[in-house]
Amino acid sequence: MKNIDLSLYLVTNRDKISDQVFFYRIEEALKGGVSLVQLREKNTSTKEMIDLAKKLKNLCHAYGVYLLIDDRVDVCQACDADGVHLGSEDMEIKVARKILGPDKIIGATAKTVDVAKEKEKEGADYLGVGAIYPTKTKVKTIITKVSTLKEINDNISIPTAAIGGLNTENLEILKGSGAAGICVVRAIMDSENPREVAKVLSRKSKEILG
């Protein structure tokens, strides 16, 4: 299994911006300290997503950062990305592992201790846990308490990233939670100065979560 740096995990969002702005913001964020990138595209053709993933992989690898693909094991295979992130309604981890092999990263989503333990047992390499705060990324947000995040980390051995509405102003709530890092979308993707935002998020993540 690869060494996964979850300290500042960026999930992409291309809503209402051009591809030029999309790649610019991600590169600026990489310069600012983003440690892991996940390509998330919900309304894109398979061909377009593969093309996008190939370009993004080259960009991420130029900064020594892994690229994961949200949901799409086939796209991960097609562009030889570093792994996938699987939600609760996506392919089973054991099936994805059989397809991708032992060296690819497979992340999963968990909102409860029982699900977290189950995903670890199935072979997930890390977990995304949340939403810690309400988020505009998903229409229906189910809040996960920080106490639940801590309980999850007390009961599993794989690392977690806290996700959901996190930004430069509200990370203190995660102190003592046991999370290995934070996962953000709009805090960076909606920013006009993604490099500086990433610098602050990276620094605070490491200070607060150690």
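Here are some friendly notes on this predicted model, from the overall fold down to two individual residues.

1. **Ground rules.** Residues are numbered from 1 along each chain as its sequence is written, and side-chain values use heavy atoms, with hydrogens and water left out. As this is a predicted model, local features need pLDDT of at least 70 and side-chain atom pairs count only at pLDDT 80 or more, while totals for chains, interfaces and linings use all residues.

2. **Overall dimensions.** The C-alpha trace spans about 40 × 40 × 30 Å along its principal axes. Of the 210 residues, 51% count as buried (buried means under 20% relative accessible area, exposed over 50%, partly exposed in between, with a 1.4 Å probe and protein chains only).

3. **Surface and contacts.** The protein exposes about 10,200 Å², with carbon and sulfur atoms supplying 49% of it (areas come from the Shrake-Rupley method with a 1.4 Å probe; for residues, only the protein chains shown count as cover). Among contacts with a separation of 6 or more, 60% are between residues 24 or more positions apart (contact means heavy atoms within 4.5 Å).

4. **The barrel.** The secondary structure comes to eight helices and eight strands (DSSP runs numbered from the N terminus: helices are H or I, at least four residues, and strands are E, at least two). The eight strands close into a barrel with parallel pairing, in the order β1-β2-β3-β4-β5-β6-β7-β8 (two strands pair if DSSP finds at least two bridges between them). From one strand to the next, the twist averages 25° (axes are lines fitted to C-alpha atoms, for helices over the stretch in contact, and angles run from 0 to 180 degrees between N-to-C directions).

5. **Around β8.** Three bridges link it in parallel to β7 (residues 160-163), where Ala 161 stands opposite Gly 181 and Ala 162 opposite Ile 182. Three bridges also join β8 to β1, again parallel, and Tyr 9 has Cys 183 as its bridge partner. Gly 181 and Cys 183 point one way from β8, Ile 182 and Val 184 the other, and all are buried. In a regular strand the side chains alternate between the two faces of the sheet.

6. **Helices on the strands.** Helix α8 (residues 194-209) lies across β1 (8-11) and β8, at about 150° to β8. Helix α2 (residues 46-62) lies across β2 (36-39) and β3 (66-70), at about 155° to β3.

7. **Thr 12.** This residue sits in the loop between β1 and α1 (19-32). Is Thr 12 buried or exposed? Thr 12 is buried, because its relative accessible area is 1%. A polar atom of its side chain lies 3.1 Å from the backbone nitrogen of Arg 40 (a polar contact is a pair of N or O atoms within 3.5 Å; within protein, one must be able to donate a hydrogen and the other to accept it, and residues adjacent in sequence count only if both atoms are side-chain atoms). Not counting residues up to four places away in sequence, Thr 12 touches several residues, including Phe 22, Leu 56, Val 185 and Met 189.

8. **Arg 97.** Arg 97 belongs to helix α4 (residues 93-100). The Arg 97 side chain reaches the backbone oxygen of Lys 104 at 2.6 Å and that of Gly 123 at 3.5 Å. Leaving aside neighbours within four places in sequence, Arg 97 is also in contact with residues including Pro 102, Ile 106 and Asp 125.
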